Amino acid sequence: VMVMMTAILVFGGAVATSVIEEKSSRVIEIILSTVRPAHLLAGKILGAGLAGIIMMSVLTASAAIALMITGLAESFDVPWSAVWLLVPCFILGYFFFAALYAASASLVSRMEDFQGAQMPVLVFSLITMYVPLFGWSKLDSTVMQIASWIPPVSITTAPLQYAVGNFSALQLVASLLIMVVGVAAVIALAAWIYPRNVLRTGAAVSWKKALTAKS
């Protein structure tokens, strides 16, 4: 789960870096003369996401093969049926954070200003990573049970609940479907903010201004 979150933030961050570099170099003005902002945003997210899926698949497969060959997993039961969940959880988590990263990056023109703009991403990422980090040994607690249903932290807690038997397959699917709704909402937010700010230069735009700006 921690490897999955690391990959999500690395490749989501790559989307943000790309957006800021295009804005600071003014290349974005040339690109958008032939491509619609929404199409460019989709291409960025899908491209980095594909690279992330390949990396996650290679890491997961390599780890599984290594455990089998070396016999390191013989002394304890590995819930192999839950390992495959890393892929759909990665996809959902990646789209959630990549959309937020893209929206955040469109608000600034320099990398130096990005720290403040990415605050919502940092808050969500810290919650998503640290809830399972500190609660994995108490998955049957009320807090962890609730967290397994709330996006985006559900992508790191629901797989653990399923792995230890606290979640049925139906509950897992329901949790991921709720995450799908959350992802759709964040993508819609990015689709609103990105086109309206990606061509702006100069001072950083606040989230409040970006959210209240008229069409």
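Trainee: Is Tyr-94 buried or exposed?
Mentor: Tyr-94 counts as buried, at 1% relative accessibility. Buried means under 20% relative accessible area, exposed means over 50%, and partly exposed is in between, with a 1.4 Å probe and protein chains only. This is a predicted model, in which local features need pLDDT of at least 70 and side-chain atom pairs count only at pLDDT 80 or more, while totals for chains, interfaces and linings use all residues. Residues are numbered from 1 along each chain as its sequence is written, and side-chain values use heavy atoms, with hydrogens and water left out.

Trainee: What about Phe-90, buried or exposed?
Mentor: Phe-90 is buried, with a relative accessible area of 1%. Phe-90 and Tyr-94 are four residues apart in helix H5 (residues 86-105), so about one helical turn separates them. Helices are DSSP runs of H or I with at least four residues, numbered from the N terminus.

Trainee: How many aromatic pairs are there?
Mentor: The count comes to seven aromatic pairs. Rings of Phe, Tyr and Trp (its six-membered ring) pair if their centres lie within 6.5 Å; planes under 30 degrees apart count as stacked, over 60 as edge-to-face and the rest as tilted. Phe-90 and Tyr-94 are stacked, at 6.0 Å centre to centre and 15° between the planes.

Trainee: Which aromatic cluster has Tyr-94 in it?
Mentor: Phe-90, Tyr-94 and Phe-95 form one aromatic cluster.

Trainee: Changing topic, where does the charged end of Arg-196 sit?
Mentor: Over the ring of Trp-192, 3.6 Å from its centre. A charge sits over a ring if NZ of Lys or CZ of Arg is within 6 Å of the ring centre and within 35 degrees of the ring normal.

Trainee: And how many salt bridges?
Mentor: The structure holds three. A salt bridge is a side-chain nitrogen of Lys or Arg within 4 Å of a carboxyl oxygen of Asp or Glu. One of them joins Glu-22 and Lys-44, with the closest N and O atoms 2.7 Å apart. That pair links distant parts of the chain, 22 residues apart: Glu-22 is in helix H1 (residues 2-24) and Lys-44 in helix H3 (residues 37-70).

Trainee: Is Glu-22 buried or exposed?
Mentor: Glu-22 counts as buried at 13% relative accessibility, and Lys-44 is buried at 12%.

Trainee: Which residue does Glu-29 meet in a salt bridge?
Mentor: Arg-26, at 2.6 Å, N to O. Glu-29 is partly exposed at 37% relative accessibility, and Arg-26 is partly exposed at 42%.

Notes: Helix = DSSP H or I, 4+ residues; strand = E, 2+ residues; numbered from the N terminus.
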